[in-house]
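Please keep the sequence and the structure in view while reading.

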Amino acid sequence: MSTRPSLVVVGAGPRGTGFLERLAASLPELYGDRPLDVHLVDPHPPGPGRIWRTEQSPLLWMNSQAEDVTMFTDETVHLEGPVRPGPTLAEWAGIDGRTFPTRPLQGAYLRWAYERARAALPASVTVHEHRASALRVGGPREGRQRVWLEGAAVPLPADLVVLTVGHLEAEPDREQRTLADFAARHGLVHLPPDFTADTDLSALPAGEPVIVRGFGLAFVDLMVLLTEGRGGRYEGEGDDLVYVPSGREPVLHVGSRRGVPYHSKIGYALDGERPPLPRFFGPEQTDALLARGGPIDFRRDVWPLVDKELGWAHYHRLFSTHPERTALPWSDFEKAYEAAEPRGADLAALLAAAVPDPADRLDLDALDHPLDGARFASAEALQDGLRDYIAADLARRHDPAHSADAAVFAGLLSAYGQLVRLGTRLDPGGWWHGFFSYLASGPPGPRLRQLLALSRAGVVRFLGPRTAVAADEERGLFRASSDAVPGEWTEARALVEARLPDPTLELTGSPLLRALHEEGARATASGLLVVDPVDGRILERDGRPHPRRFALGPHTTARAGGAFTRPRTGGVAFGQNDVTARAALAFLRDLECRLPAPLSA
């Protein structure tokens, strides 16, 4: 077995590539020309990994514009290592920065970024690519680790292990197992939560109703693959867009808790004065929360601060850009806003007095429950109502007169960065991440225009909010309903769960993470791997950070908002990669210095 220092990185997709880039940037300073083996473990190609692999349908898009995607640091990122600037996706590909690129193009960009990071490593570093899945990590806390790979008889030696495994597969939970059993007994189709691009959709027959539960980005992919992906096409543009069916599409009956799709991506740039962030949820507030001791409750302790911070971003933009729609001088409003308790009666009274039009006020509860209390006389009335809602959302999100919405997006990114500082003391749970995605990470506007065209063509039908799905044993069918249309039911022989699996370590499809949990790694109530917020070391159940195991990414408590970083926005994920890479290099340097010199021949 080799005695050279060895670093094993499990997961070679975007986060693993970002870590490798930071490793290469700081290696000359912290490690010099000492020998090092770097093992990259991933069954999918390094760079794009599974989700962004180039061998997928070009019909699938990113939900970020090309100018908003970068794999490289700039001077706005808090780094100890050197800044290594590089092109955005738009600059690299030579395309219009406002377009939404295909996923295969993003995969090619990620592959190039990986090759560039690898080429930046000195000759003393040898990179080994292993196209396999990691099954288990073993070894004593103070000694060399071993990483077992699928199909390999001998484990990889590892002085340090870094997990950058990205989004996780999951075993079915109790509800999904019950639905799958029902489908099997009655000869029905049940597709559980999964990555839509990896799901076999051939079992969904043409012309037949399909109940779809989930109205986020997974649904958008499903919609694309079952329409254009089956030979349909669009004619016209804008509000006159028309879908021409191929005849091979099923009829998608889609519903969710909210009953509406994620908000459209904003279709304009936020120019002019930007809100100074953070203000009401920044280091001062997070330090105060940490100083209190004990666990931090998201809804009680954090959400009011986030609400006030997002309101600050919203009203700062409204007053600075559209003062004619306000009724108080900014200085008066600012003082009163600062003094008011978050989500309190005084704040509500101030907003009513200062902002005459309710449409100009920020109401996060109303945004989260857009159809609360809505009732429709019939299923057809619901279709008309939802089309009106989606058209209004499209119009607003592409109208700079409502640029306060874009300021709220900036506030969400700022708040996400502060949540990372709270580290192991806070488990925000799935609601916060779902709300963030619903408000800030929705589909491109053209996708919602396509959804409207599909609705008018009868290929997509809306079920409504608070969609309930039942297994009808007597009829041997799935049934779906919404209390927004009392007495209406939709029956189908197919049910699709259009969402990603919930990230729980207990039900993870990754044997590596399941084994870590069983052997003592800490997990939150919502199943995230608990890591030290400072450097990403995995925490064990006794609270001690493991000296030789790190983790970065959405499966951890230090998850950063958004799949990719926008240029010049501080790049929380880049900062995390930098800290972890430098901690790893310092550990390996000190370890290598302690090793005995090899015997001369």
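## The largest cavity

The lining of the largest cavity comprises six nonpolar, four polar and two charged residues; here Ala, Val, Leu, Ile, Met, Phe, Trp, Tyr, Cys and Pro count as nonpolar, Asp, Glu, Lys and Arg as charged, and the others, Gly among them, as polar. The model is predicted, so to speak of local features a pLDDT of at least 70 is needed, side-chain atom pairs count only at pLDDT 80 or more, and totals for chains, interfaces and linings use all residues. Residues are numbered from 1 along each chain as its sequence is written, and side-chain values use heavy atoms, with hydrogens and water left out.

A cavity is a set of points, on a 1 Å grid over the protein atoms alone, where a 1.4 Å probe fits but cannot get out; lining residues have an atom within 4 Å of a point. The largest cavity holds about 100 Å³ of space, a volume being the space filled by probe spheres set on the points, which are joined across faces, edges and corners. Its lining includes Tyr416, Leu419, Val420, His433, Thr524 and Arg559. H12 gives the largest share of this lining, three residues; helices (H or I, at least four residues) and strands (E, at least two) are DSSP runs, numbered from the N terminus.

## The second largest cavity and threonine 196

In total, the structure holds three cavities of 30 Å³ or more. The second largest cavity contains about 70 Å³ of space. Among the residues that line it are Leu191, Phe195, Thr196, Ala218, Leu222 and Val496. Helix H5 (217-226) and strand S17 (494-497) are the elements that give two or more residues to this lining. By class, the lining of the second largest cavity has eight nonpolar, two polar and two charged residues.

Threonine 196 belongs to the loop between strand S8 (189-191) and strand S9 (209-213). Is threonine 196 buried or exposed? With a relative accessible area of 9%, threonine 196 is buried; buried means under 20% relative accessible area, exposed over 50%, and partly exposed in between (1.4 Å probe, protein chains only). Apart from residues up to four places away in sequence, threonine 196 touches Ala218, Asp221, Leu222 and Leu225, where contact means heavy atoms within 4.5 Å. A polar atom of the threonine 196 side chain lies 3.1 Å from the backbone oxygen of alanine 218.

## The second largest pocket

A pocket, unlike a cavity, is an open set of points with protein on both sides within 12 Å along at least five of seven lines. The second largest pocket has a volume of about 890 Å³. Its lining has 36 residues, and Arg361, Leu362, Asp363, Leu364 and Leu367 lie nearest its centre. By class, this lining has 22 nonpolar, four polar and ten charged residues. Helix H7 (298-321), helix H11 (379-397) and helix H13 (429-440) are among the elements that each supply at least two residues.

## Nonpolar cores

In soluble globular proteins, nonpolar side chains tend to be buried together. A nonpolar core is a set of buried Ala, Val, Leu, Ile, Met, Phe, Trp, Tyr and Cys residues joined through side-chain atoms within 4.5 Å. The largest nonpolar core has 81 residues, and those that touch the most other members include Leu204, Phe219, Tyr315 and Trp432. H7 provides the largest share of this core, ten residues. A second, separate core of 29 residues includes Tyr31, Phe550, Leu585 and Phe587.

Tyrosine 315 is in contact with residues including Trp330, Phe333, Leu351, Arg361 and Leu362, leaving aside its neighbours within four places in sequence.

## Backbone features

Most residues other than glycine have a negative phi, and most peptide bonds are trans. The peptide bond from leucine 277 to proline 278 is cis, with omega near -5°. Proline 278 sits in the loop between strand S12 (251-255) and helix H6 (283-291).

Arginine 343 has a positive phi, near 60°, in a residue other than glycine. Arginine 343 lies in the loop between helix H8 (330-339) and H9 and is partly exposed, at 39% relative accessibility. Arginine 568 also is not a glycine and has a positive phi of about 60°. The loop between strand S19 (545-551) and helix H16 (572-594) holds arginine 568, which is exposed, with a relative accessible area of 52%.

Conventions:
A polar contact is a pair of N or O atoms within 3.5 Å; within protein, one must be able to donate a hydrogen and the other to accept it, and residues adjacent in sequence count only if both atoms are side-chain atoms.
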